[in-house]
Amino acid sequence: MKVPLVDLRASYLPIREALLAEFDEILMGMELFLGPNVRAFEEEFAAHCEAAHGVGVSSGTDALYAALHACGIGPGDEVIAPSLTYFATIEAIIRTGATPILVDVESENLTVDVDEVRAAVTPATRAIVPVHLYGHPADMDPILEIARDRGIRVIEDAAQAHGARYKGKRCGSLGDVGCFSFYFTKNLGAFGEAGFVTTSDPELAARVRRLRDHGRDSKHVHSVAGHNLRLDELQAAVLRLKLRRLEHGNERRRTVAALYRRFFAGQAVRLLKPRPDCEPVHHLFPLRLRQRDALTSYLAERGVDTGIHYKIPAHLQPALRTHPHRTGNLKVTEEACAQLLSIPIYPELHDDQIAHVAEQVLGFFADTGAGGERP
Ligand SMILES: Cc1ncc(COP(=O)(O)O)c(C=O)c1O
């Protein structure tokens with residue numbers, strides 16, 4: 001049996017007919033950027049995030065950059081973020097000219113360690129970027145507490161957390177700004193590049209809106225020098241159709257995660273431990289084990305694709321050698337990067353595929369006598 005890590009065609013088939021009709025309408029009208037689909041999607045996704053304002057942009061990286069820039073962050077400022085993230089989080093900080101301060105994550109669910117954030121604050125700190133990694137919310141309340149009264153902005157990297165909840169509230173509605181990616185493998189994915197910024201602050205929303213379209217206030221007036229970070233109509237049409245299926249998809253991901261957990265109960269596989277105050281959306285399902293490479297080959301031979309998220313933490317990336325940054329002892333991050341292995345999780349995964357993946361993982365432990373780092 002073949003089990004791919006993601007199955008993008010399976011996410012296209014249910015919307016195929018409706019999408020082709022939408023594409024035809026858009027292409028016949030030729031209003032290609034910031035048109036009716038973008039406007040409607042901005043309202044629909046902001047409402048889904050329970051945020052007052054939403055601005056569609058060209059990618060998750062651009063969402064982070066625009067959010068930081070709109071918050072006035074630039075050279076001389078420090079921005080605290082976890083080192084265990086997709087490198088784009090850190091790239092966006094670097095692009096503003098600010099200095100990334102890379103901190104460790106907590107050992108059970110691998111979101112940013114609040115004590116490490118607190119210890120990293122200096123008078124130059126202007127923002128904290130918690131990442132809701134793998135679809136599991138970071139512990140936001142203490143982070144918001146650290147930021148309060150210090151003029152520090154909290155910018156959520158919710159690129160992997162569409163629909164996740166923290167203490168009942170949606171990711172993207174918790175900090176000053178929320179940033180989403182619609183990269184095509186995400187829980188809500190376009191069929192091209194796209195991203196989104198949420199906020200409850202109308203002034204920040206207006207700044208992001210201006211920045212994404214050449215700093216324009218109206219057709220001929222550029223009040224600031226901005227960028228081209230626009231969301232296009234075709235991607236907005238894809239996203240509108242897929243948004244209607246997001247909740248159902250997230251529910252199915254929860255079921256898949258629960259099935260894996262049942263298969264692995266009592267076995268020597270270390271899994272992430274969700275906090276009880278969160279509703280994660282299982283963008284990824286990482287295992288943690290010392291014998292990662294051996295398991296990768298074992299599964300590949302049996303038709304199961306896997307991925308590593310992430311192999312090299314941000315603070316060890318060659319790109320940072322030439323950029324000013326600060327980092328402490330990131331023991332949990334470095335250990336996790338040596339052990340993480342993502343197995344397939346997506347709504348379209350069939351029960352027999354789930355069972356096949358789990359049986360092969362268990363087969364590996366039985367055949368090799370290997371164990372997770374901790375049962
Ligand atoms: C945590 C995280 N941040 C930022 C990004 C960047 O998003 P994009 O690829 O849409 O630029 C991604 C996804 O790729 C991500 O997973």
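The axes of helix α3 (residues 36-48) and helix α9 (residues 233-264) come within 9 Å and cross at roughly 35 degrees. Axes here are lines fitted to C-alpha atoms, for helices over the stretch in contact, and angles run from 0 to 180 degrees between N-to-C directions. This is a predicted model: local features need pLDDT of at least 70, side-chain atom pairs count only at pLDDT 80 or more, and totals for chains, interfaces and linings use all residues. Residues are numbered from 1 along each chain as its sequence is written. Helices (H or I, at least four residues) and strands (E, at least two) are DSSP runs, numbered from the N terminus.

**Helix pair α3 and α9**

- The crossing of α3 and α9 is left-handed. That term applies if the near helix is turned anticlockwise from the far one by less than a right angle; clockwise is right-handed.
- From α3, the contact uses Asn37, Val38, Ala40, Phe41, Glu44, Phe45 and His48.
- From α9, the contact uses Glu233, Ala236, Ala237, Leu239, Arg240 and Leu243.
- Two residues are in contact if their C-beta atoms, placed from the backbone, lie within 7 Å.
- By class, the contact of α3 with α9 has eight nonpolar, two polar and three charged residues.
- Ala, Val, Leu, Ile, Met, Phe, Trp, Tyr, Cys and Pro count as nonpolar, Asp, Glu, Lys and Arg as charged, and the others, Gly among them, as polar.

**Ligand shell**

- The ligand is surrounded by 14 residues, and the closest are Ser59, Gly60, Thr61, Ala159 and Ser181.
- A residue is near a molecule if its C-beta atom, placed from the backbone, lies within 6 Å of it.
- The shell has five nonpolar, eight polar and one charged residues.

**Helix α4**

- 11 of the 11 residues of α4 are buried, so the helix is largely enclosed by the rest of the structure.
- Buried means 20 or more other C-beta atoms within 10 Å of the residue's own, exposed means 12 or fewer, and partly exposed lies in between, with C-beta atoms placed from the backbone.
- The buried residues of α4 include Asp62, Tyr65 and His69.
- Gly72 follows α4 and has a positive phi, near 80 degrees.

**Domains**

- The protein chain is divided into domain 1 (8-103 + 112-240) and domain 2 (246-368). These bounds come from an automatic or database domain assignment.
- The C-alpha centres of domain 1 and domain 2 lie 25 Å apart.
- Domain 1 puts 30 residues into the contact, and domain 2 puts in 32 residues.
- On the side of domain 1 that touches domain 2, α1 (8-12), α5, β3 (99-103) and β6 (165-166) each supply at least two residues.
- β3 gives the most to that side, with five residues.
- By class, that side of domain 1 has 16 nonpolar, 10 polar and four charged residues.

**Backbone in the loops**

- Met30 is found in the loop between α2 (16-29) and α3. Its phi is near 60 degrees, a positive value in a residue other than glycine.
- Met30 counts as exposed, because it has 8 C-beta neighbours inside 10 Å.
- Leu34 lies in the loop between α2 and α3. Its phi is also positive, near 50 degrees.
- Leu34 counts as partly exposed, because it has 18 C-beta neighbours inside 10 Å.
- The peptide bond from His309 to Tyr310 is cis, with omega near 15 degrees. Tyr310 is in the loop between α10 (292-301) and β15 (326-327).

**Pairs separated along the chain**

- Tyr86 and Tyr310 are 224 residues apart along the chain, and their C-alpha atoms are separated by 7.1 Å.
- Tyr86 lies in the loop between β2 (78-82) and α5. Tyr86 counts as partly exposed, with 19 C-beta neighbours inside 10 Å.
- Lys167 is in the loop between β6 and β7 (169-170). Lys167 is partly exposed, with 13 other C-beta atoms within 10 Å.

**Gly172**

- Gly172 sits in the loop between β7 and β8 (177-181).
- Gly172 counts as buried, because it has 29 C-beta neighbours inside 10 Å.
- Not counting residues up to four places away in sequence, Gly172 touches Cys49, Ala51, Glu156, Ala158, Gly178, Phe180 and Thr198.
- Gly172 and Ala161 are 11 residues apart in sequence and 8.5 Å apart in space, C-alpha to C-alpha.
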